[in-house]
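Open your viewer and get your selection tool ready. We will go from stop to stop, and at each one I will say what to select and what is there.

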Amino acid sequence: MNVEYSYILTSFLPEIALVVLGLLVLAIDLVLPARSTRRTLTIVAAFGCLVVMVLSAQQWLASTPIAPDLVQRETRAMVQIWQQQIEPLGQSVQADPTDPSLPRVMQLPAEMALTNAEARAVVRAYQQQRHLTPQLPPREMGLAHPGFAAWWLFANDQFAAAFKVLFALAAFLVLLLSVRFPVERYRAEFAGLLIFATVGLMVMVNSMDLVVLFLGLELAAVCLYALASWHKGDARSQESGVKYLLLGSLASAFFIYGASLLFMQYGSTHLTMLGGAAMRLAPFALIGLLMLLIGFGFKVAAAPLHLWAPDVYQGAPTSMVAFLSTASKAAGFAVLLRVLSLGFPALTDRWVLLIGVMAALSMVVGNLVALHQNNVKRLLAYSGIAQAGYLLIAVMAVGLAGLHHSSHLEAAVTAAVLYLFLYTIANIGAFAIAGIVQQESAGVEMRDFAGLRTRAPLLAFGMTLLLLSLGGIPPLAGFVGKWFLFLSGVVEGQYILVLLGAALSVVSIYYYLLVVKQIYVLPGENTAPIRVGAVAGIGLTLIVFLTFLIGVFPRPFLDLATQTAQSLLHF
Amino acid sequence: MTLTQFLTQYYALAWLVLVPFVASLVLMALPRRWALAMRLIAATAAGITVIISALLAWDYWTLVRDGIVATNGTGAFESIWHYQLQPQMLRFGAISFHLAADGASVAMVVLTALTIFAGVFASWNLQERTKEYLALLLLLVAGVFGVFVCVDLFFFFLFYEIAVLPMYLLIGIWGTGQKEYSAMKLTLMLLMGSAFIIVGFLALYAKGGSFDLFALVQASRNGAFDGEFQRWFFLAFYLGFGVLAGIFPFHTWSPDGHASAPTATSMLHAGVLMKLGGFGLLRVALPLLPEGLQYWHWLIAIVAAWNIVYGAFAAMGQRDLKYVIAYSSVSHLGMVMLGIAAGTVTAVNGAVFQMFAHGIMTALFFALVGLVYAKAHTRDIDAMGGLAKVAPGLAVAFTIAGLSSVGLPGTGGFVAEFLVFMGAFVTKPLVAVFAALGIVITSVYVLRLLRSVFFGPLNTKLAAMADARTTEWVALGVTCVVILAVGVWPYPIIEIISSAVQPVVGLVGPLR
């Protein structure tokens, strides 16, 4: 095979495998008899996701970004183009190779013929050149070449690989749990759409360019719009789908408008280009950034862009909500971290403020409104908003650390990555149990949890552990995660914000304990025992086990998160 | 091999935490029917911690006696720590599982072990969901042990939270009265305190560059924490730990919580858990933020004196036995804070001694109240009377506890109060005089309580009441003996405590 295509194949193996898996599931669905339940097909799809998770982990282990020969050839060609273009202008390439603001893309491994200094010089020269001729498109650099484009537009680093692992894991768990829930006749389509949404999220975290990012965002979003309105007969599900579609499209519009403003200003939507270019304050840069933040804020359901979340979570099918509230949110945070730290280091002092306000608002609104919720799914929605607030503390710390102490930068990203992992795992479990209770009782109000202790002791125990983990109680995963999140804020001097977060997480423990009280303290009217089923049981056991394991033995997970964070920051 | 080497080499401190924790897990795994086996396992686990803590106490006492740990004020902060343990495996980033014990730890560990031992026997006859009850109780104790022996702030906080949370279920499920309200109030107020503590710990790391207490003390000596930082974060720690120590006006969780809690839970909570507050101040805030105490000691002293008097008055007005004891705890814990605020070696010794003495005494009190309630089915003081005639054993034990509470010489309470006031009169005579009012009021309500519950004419409804049984006598006997023993011969325990207090007071220096 052509070296170029084999390069693309290895770079996007998880995505390609997922697409193939999704198409296979849909194809098998066609040949299966109409009356079959397709539960087995869902389980097979779930284990397909597990295989994709292994592939992503493989990519994570391969560590350094792959830069094959063809990239090297391209880069060499670029050098020559520069020299030809610059010489007549009377400018020589005088780039400082130690400049830390240079894009990571140009950092080739040492064994490459092109030295790092030369590669850096290329980018620096491009920046200077573009300064002279703003319309200069990337094509002039030879970016039309598919192999180089793949290398240029996609990060393919450990940071992306780690999140691919997370999304594949989330899809695996959600598909396993979805076997337990009625998704009417369309089980295969459900699995297919979920898998394609996962592909979208993977493209998002992998992209280095706002336009590619938008592609991934839309791929995921369109699948999720359809999934949200899955229960055709249920008005709530319809409401949920329409609400998500309308508000989601609006947020996407904001995002793409922001990206185009930035393109208008800087002639590029590539993050490293923006990172280099935004050195000068431009009139539309701030507006563009603000619009991007609106898009991301919607994605992660941070206040004041959270209003869709409770309604959507309440009406949409449980397994879809479990995915939406975790993987989709994690993707939002991953790209937020990448875009802000790579694309807008020069505007840090501006966006840090915005993120800080969003963090405080999310924590306050999420936790205080959750107090009044009787519906456990809505409660989890507001708790998710609050969790987004805690996570934004780390994002803010990334900005502040970038301004002053670069040594703290890594710790802040590590904290965010670790928290996203454990939050995803715990929240999927919590939603799954809420869904099971909803199915076995009349609804998913608080009182439907009463007597769960006798109806399903293991579910009761699992729900308690997961909620306490979300509340940050040791020795569970959430405690370790929150500790590092808050730490990242405190080392940047954000005492008040962190105190607010810590105090409000006590409030969160109040409403989590209200559920625990129903489970353990109060007797229930409904005493019919709940059968969980083997498949969902495996998923839940795995979730609870991981939550406990990360809590009591956080070191390996912390090391993995640290390495992931380093790969984001080595540019 | 000396005993010290033996205890260090075989991880005595880690076992203190692990034994209750593992026992708790084992209990969870047992089938529901084996109630007796569960009680025996819990009692064995508690017994093992008693043995380990006794060994630690004996060994630390020999260290003090032989002058290896200095008690004459010359010992540096680092020299008083023994039995250190810091496994590489549990080290990540700036955090490591670092265990070590000084005199104060040893005293508190002994207190905890005795209380849980007595507590298991006091709840021997509990029938409802025995498994979960004992498991949660042991989990809580594992957390408490962890706090007392941990010198890494991450694990300190982790254990601190583990010690608080099981309380919610213990009170919520097995409690009496308005248990759900009390459980939630207690949990939320304590966790709100810990929100201040976690910010404080993280800030200490941000400025001092470590979570390890020893490294932080070194950083503090080198001036890593400036004056303003010390003042603000000392206040944060005072509020955070103070909630647990029941300082006015954050004490309101305590009476409700104690009144609703089942017997062994009250014993542990008032006996041990409330001590975590004073202990935290002594362990973290005083050595690291000495400037903070210099700045706030008047506030602390005045609040403490008010605690003493207010708690005593409030206790006087109660009709429910448990509320009386709960408010008396608020009053007595004011004594701990007064001792710390006085800032002299004698007074702080007294404060730590008060933690110990009050812990044992109040455990005995709550055990007794639990027994009386179980047998008389009421806690209303007015509905009782003359119980000494039908339950002389309970009456004797209650009198011992009461007299210790009043501070009669020959009981642990006397030693503690005497030391605290001796120290406090030197630096804050007016506050001390005001606080001393509390002692008078205490004697009023304790003696009235004794009279109306145990003496006087026998309430005929209670004529059939039984005295304490064998297993219950274990709980009462252990605590009574310890109260009298430390009252009669307090010297070793004062020396042990003093070895830990002197370096800390030395770091703070004389109060301005």
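Helices (H or I, at least four residues) and strands (E, at least two) are DSSP runs, numbered from the N terminus. With that in hand, select Pro249(B), in the loop between α10 (227-245) and α11 (253-260) of chain B. The peptide bond that leads from Phe248(B) to Pro249(B) is cis, with omega near 0 degrees.

A word on the source: this is a predicted model, in which local features need pLDDT of at least 70 and side-chain atom pairs count only at pLDDT 80 or more, while totals for chains, interfaces and linings use all residues. Residues are numbered from 1 along each chain as its sequence is written, chains are lettered from A and ligands numbered from 1 in the order in which they are written, and side-chain values use heavy atoms, leaving out hydrogens and water.

Of its 512 residues, 68% count as buried (under 20% relative accessible area; exposed is over 50%, partly exposed in between; 1.4 Å probe, protein chains only).

Stay in chain B and select His377(B), in the loop between α16 (345-376) and α17 (387-390). Its phi is positive, about 60 degrees, although His377(B) is not a glycine. Is this residue buried or exposed? His377(B) is exposed, because its relative accessible area is 64%.

Next, jump to chain A and pick Asn156(A), in the loop between α6 and α7. Here too phi is positive in a residue other than glycine, near 50 degrees. Asn156(A) has a relative accessible area of 9%, so it is buried.

Move along to Asp157(A), in the loop between α6 (146-153) and α7 (158-178) of chain A. Its relative accessibility is 4%, so Asp157(A) counts as buried. Show its contacts (heavy atoms within 4.5 Å): beyond neighbours within four places in sequence, they are Arg338(A), Ser567(A) and Leu568(A). With Arg338(A), the link is a side-chain to side-chain polar contact at 3.1 Å (a pair of N or O atoms within 3.5 Å; within protein, one must be able to donate a hydrogen and the other to accept it, and residues adjacent in sequence count only if both atoms are side-chain atoms).

For the last stop, select Pro475(A), in the loop between α19 (457-471) and α20 (477-491) of chain A. The peptide bond from Pro474(A) to Pro475(A) is cis, with omega near 0 degrees.
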